Every structure is written in structure tokens, then in C-alpha cells.
Amino acid sequence: MLGKLVKEEFNSYRMSVGITFLAGVIFTIFMKIVCMLPYQKDAKYLIQTMGFYGYYYIIMLMSVAVGVLVIVRFYSTMVGDRGYLTWTLPVKSTTIIWSKLLGGLFWNIIAFIVTIALFAIFLVGKYWVIWNDFAMNVTLNETNVDVLHEILGELMEMFRLEYLIPVFLVLITLLVYQIMPQLLVYFCIAIGQLFGKWRIVASIGCYFVLMIIMEIFMIAGIAVLTVGGVSAASVGFFENMSIFGIINFVLSIVLVVGIILSVVFFLFTNMIFKRHLNLE
């Protein structure tokens, strides 16, 4: 049943997300044409600079828009007008939450990939004044290409498979911290629906309260880690650890915290929907 629900979640976003992506493609083409026009050099530099920052902030809204669509669908199908239909399905509440989570996560990741791809397409080309100036400086200042080959060769000789561990930890951490904010929103909506007609205001208020609490704990955690790190360094705890070992240690802590928060948000969201569902 989970597979059918996840498939339904995938399909439900196709139209809205497709329109969002189409708008991003059209805007990318438009801004690329604007930056490619043959202006005077000074005017071209100014227009391209303004175009770059304008495009960056607007295209980032595409990922935000997809995130908003995920939240809106979760709200409408869980506690909104379509909530009755969702909760009449012969499945467990955990299955429903998992389907919403996987569907939203999938489209958020796709939105991130599409955003990066469109941004790369926007930047590709020899018409950029800043790239041309940089290329000319590199060409004029580079006198020995063998130096670059020598540096790359030394880096390859120093490379070991254990260096892939922090890369793996970073990727897993990014995934966890993509899931955790989504579950946080679900948790706030679950709490908000307890307040009846004030559910939207209560959900938003709950979100800001939890964000403030998490910020306080994060600052406190950084302070504790800093003091603890200094103390550990003073007694030689990190003395036999490489820089990669220290990085792995810090990343592991960040990853564990993200996993714990995700599990807590999921369990409490499920508990509220299971025991205190309020669709009135």
C-alpha cells in the first residue's frame, strides 16, 4: 500500500511542479538572451552583474516554490478539505506520513537538481565579461602548464580511500537535513490542527517557537563543542587524530543530531495524528 500512496504523491505534483520548472526554463532563456546582447563593455558589465544577482535570487525561488507546494499538499490532504478522504484509507498513519515524506522529498531533490542545472546553463558561454577578463589574465600570467600537472599529480599520490569518508558523511548529512525541516513542518501542522479554526496560525506560531528553541540549542551546542574541543585539545584528545579524523568526528555529531531530531518529529507527528486527529 505504501508503494501506491508514494506513486500517488509523485503523480500529484506533476502539473504544479511542471509549471514551476517551465517558468524557470523560460526565465533562464530570457535572462540569458538579455546578458548575451551586444552592449558597450561598461554597460555590458553592469547589465550582466545586475542580471546575475537578479537571476540568482529569482531562480532560487523555484526550489522555495516546490517546497511550498509540498507543504500545501500535506496540509490540504491531512488536515484540510481532503483530510477526511485521506484518513478513511485502510492504512496506518505511519504509512500515510511516510508517503507524504517520500513524495515531498523526491520533488524537493528534483527541484534542487533542476535549479543547479538551470543556473549552470545560464552561466555557460563566452559572452560573460568577467569570464573573458579572467581567462585573459590566466593566459597572460600562466607561463608553465607543467606546474598545474605537477600539483595534480602530487594530490593524486596523496589521495587515499579513507578521504572519501567525509564526502560520504557530507552527502548523508545533506540528505538528513533535507528530511528534518520537512518533518518539522509536518510536526507543526500536526500540532496546529489541534486548535481548530486557528490551525494555520497555530502551525506558523509553533514553527517559529520551535525554530527559536532549536537555534538556542544549536548555539549552546556550538559553545559546548567549542569549550569541549579546547579542553580535549589541551589534554591531547585530538593529538593522534588527523584533520580528516576531526572532520569526521564533527560531521558524525551533526549527522546524529539531525537523525535524532528527524525521528522525534516523525514519532510525535504520528502520535498526534493517531490519537488526537481534529478535522473540524
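Helix H8 contributes the most residues, seven, to the lining of the second largest pocket. The structure is a predicted model, in which local features need pLDDT of at least 70 and side-chain atom pairs count only at pLDDT 80 or more, while totals for chains, interfaces and linings use all residues. Residues are numbered from 1 along each chain as its sequence is written, and side-chain values use heavy atoms, without hydrogens and water. Helices are DSSP runs (H or I, at least four residues) numbered from the N terminus.

A pocket is an open set of points on a 1 Å grid over the protein atoms alone, where a 1.4 Å probe fits, with protein on both sides within 12 Å along at least five of seven lines; lining residues have an atom within 4 Å of a point. The second largest pocket holds about 480 Å³ of space. Its lining comprises 18 residues, with Asn108, Ile109, Phe112, Tyr177 and Gln178 closest to the centre. At least two lining residues each come from helix H3 (41-78), helix H5 (93-123) and H8.

Leucine 267 is located in helix H10 (residues 243-275). Leucine 267 counts as exposed because its relative accessibility is 51%, the cut-off for exposed being over 50% relative accessible area (1.4 Å probe, protein chains only).

Definitions and conventions: Buried means under 20% relative accessible area, exposed over 50%, partly exposed in between (1.4 Å probe, protein chains only). Grid points are joined across faces, edges and corners, and a volume is the space filled by probe spheres set on the points.
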